[in-house]
Amino acid sequence: MSNKKMSISVEELIKENDFEVIHQAEGTRTVRLYSSEFNRPGLQLCGFYTKFVPDRIQIIGGAEWSYLDGLDPKVRGMRLKALFAHKITVMIVTRNQRIFPEMLTYAKENNCTILRTAVSTSRAVNKLITYLERALAPSIRRHGILLDIYGVGVLITGESGIGKSETALDLIANGHKLIADDSVLIRMLDNRLIGTSPKITRHFMEIRGIGIIDVERLFGIGCIMEEKEVELVIELTPWDDFADYNRLGIEDEKTEILDKSVPIMEIPMRTGRNMSMIIEIATRNFKQKEMGYNAALALNQRVMESIEKNKVGR
């Protein structure tokens, strides 16, 4: 799947958040939200609409509500009529504040959804921003299995039928954690690649010859995670006697995911190889490199020092 501008529908916003629906406009399945930014229309309620962005979610907090409540009903009606005439998409009223009759009238006339929440404005805004930034983050789906191995998010990839699921199952039996099997949804959040599973397949795995298994039920809640940063990619490939595999590991190879470089290791599959143990060792070695120690460089340094000593002794 290619990277593209993300959006959510108003219907998704309603379903995935704990909002009271005061009025749900028509076509909420097709009306899209593209920004995590919102607007508190204090200036607009005073008649100032320069640089107003109606596509953003409009938040009526305590200050905006108190201002409206203090207005003469006719004036309040005029101010709300002007606001809704700009074809705003969604309005959220916080603190369970009363919905003014004029607000509901003009929302219906202009096909605007009105939602309400009991929480404070600051809590509602923080929760909304967190949800929207995740929902609208650049994302991509990758075929593979995402595991937490020794605290490292490892994405195991490879062609279909090579043995990814069996290897992952062995790792889970060894105490490591499953995040996603087969389809891994990866989002870019704060310059970090966060991987998770589609809701419909979360905690499930397909094992050829057995079928679908529920990892949480079989191994316990300690063997699953909801999400994990993708820090290392391990690509399983068929063994090739003539392939030029990385023998020393002095230079790390990289792959691109959502324009971010991620270390990748190619590990060939062969009958009799303990792949789960090899992946565990690869992950530990990766952690050592992250902490500043590279075994290949250390060995190379030792060899060079030995050569220099031999030169001096001649």
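**Notebook: sheets, helices and salt bridges**

I started with helix H9 (residues 275-290), which lies across strand E8 (139-149), strand E9 (152-158), E15 and E17 and runs at about 150 degrees to E17. Helices (H or I, at least four residues) and strands (E, at least two) are DSSP runs, numbered from the N terminus. For the angle, axes are lines fitted to C-alpha atoms, for helices over the stretch in contact, and angles run from 0 to 180 degrees between N-to-C directions. Contact means heavy atoms within 4.5 Å.

I noted the ground rules. This is a predicted model, in which local features need pLDDT of at least 70, side-chain atom pairs count only at pLDDT 80 or more, and totals for chains, interfaces and linings use all residues. Residues are numbered from 1 along each chain as its sequence is written, and side-chain values use heavy atoms, with hydrogens and water left out.

I looked up the strand order next. It is an open sheet of 8 strands, E14-E11-E10-E8-E9-E15-E17-E16, with mixed pairing. Its edge strands are E14 (227-229) and E16 (253-257), each pairing on one side only. Neighbouring strands here are turned by 40 degrees against each other on average, direction ignored. Two strands pair if DSSP finds at least two bridges between them. I checked E15 (residues 232-238) against E17 (residues 260-269): they pair in the parallel sense over 6 bridges. Val-233 has Ile-264 in E17 as its bridge partner.

**Entry: the five-stranded sheet**

I then took an open sheet of 5 strands, with order E2-E7-E6-E5-E4 and mixed pairing. Strands E2 (20-23) and E4 (38-39) stand at the edges with a single partner strand each, so one side of each is left without a neighbour in the sheet. E2 and E7 (residues 113-116) run antiparallel and are joined by 3 bridges. In that pair, Glu-20 stands opposite Arg-116 of E7. Helix H6 (residues 121-135) lies across E4, E5 (57-60) and E6 (90-93), at about 165 degrees to E5.

I picked out Phe-38, found in strand E4. Phe-38 has a relative accessible area of 25%, so it is partly exposed. The cut-offs: buried means under 20% relative accessible area, exposed over 50%, partly exposed in between (1.4 Å probe, protein chains only). Leaving aside neighbours within four places in sequence, Phe-38 is in contact with Arg-56, Ile-57, Ile-59, Val-125 and Ile-129. I also checked its C-alpha distance to Pro-54, 16 residues apart along the chain: 9.5 Å.

**Entry: a hairpin**

I found that E12 and E13 form a hairpin with 3 residues between them, and that Gly-209 in the turn has a positive phi of about 95 degrees. The two strands, E12 and E13 (residues 211-214), pair in the antiparallel sense over 4 bridges. Glu-206 stands opposite Ile-212 in E13. Strand E12 (residues 204-207) has a covered face of Met-205 and Ile-207 and an uncovered one of Phe-204 and Glu-206.

**Entry: salt bridges**

I counted 12 salt bridges in a search of the whole structure. A salt bridge is a side-chain nitrogen of Lys or Arg within 4 Å of a carboxyl oxygen of Asp or Glu.

- Glu-12 and Arg-32 meet at 4.0 Å, N to O. Glu-12 is in helix H1 (residues 10-15) and Arg-32 in strand E3 (residues 32-33), 20 residues apart. Glu-12 is partly exposed at 30%, and Arg-32 is partly exposed at 31%.
- Glu-64 and Arg-40 have their closest N and O atoms 2.8 Å apart. Glu-64 sits in helix H3 (residues 62-69) and Arg-40 in the loop between E4 and helix H2 (42-45), 24 residues apart. Glu-64 is buried at 8%, whereas Arg-40 is partly exposed at 35%.
- Asp-69 and Arg-98 have their closest N and O atoms 3.2 Å apart. Asp-69 lies in helix H3 and Arg-98 in the loop between E6 and helix H5 (101-109), so the pair ties together parts 29 residues apart in sequence. Asp-69 is partly exposed at 35%, and Arg-98 is partly exposed at 43%.

I also noted that salt bridges with shared partners join Glu-11, Lys-15 and Arg-29 into one network.
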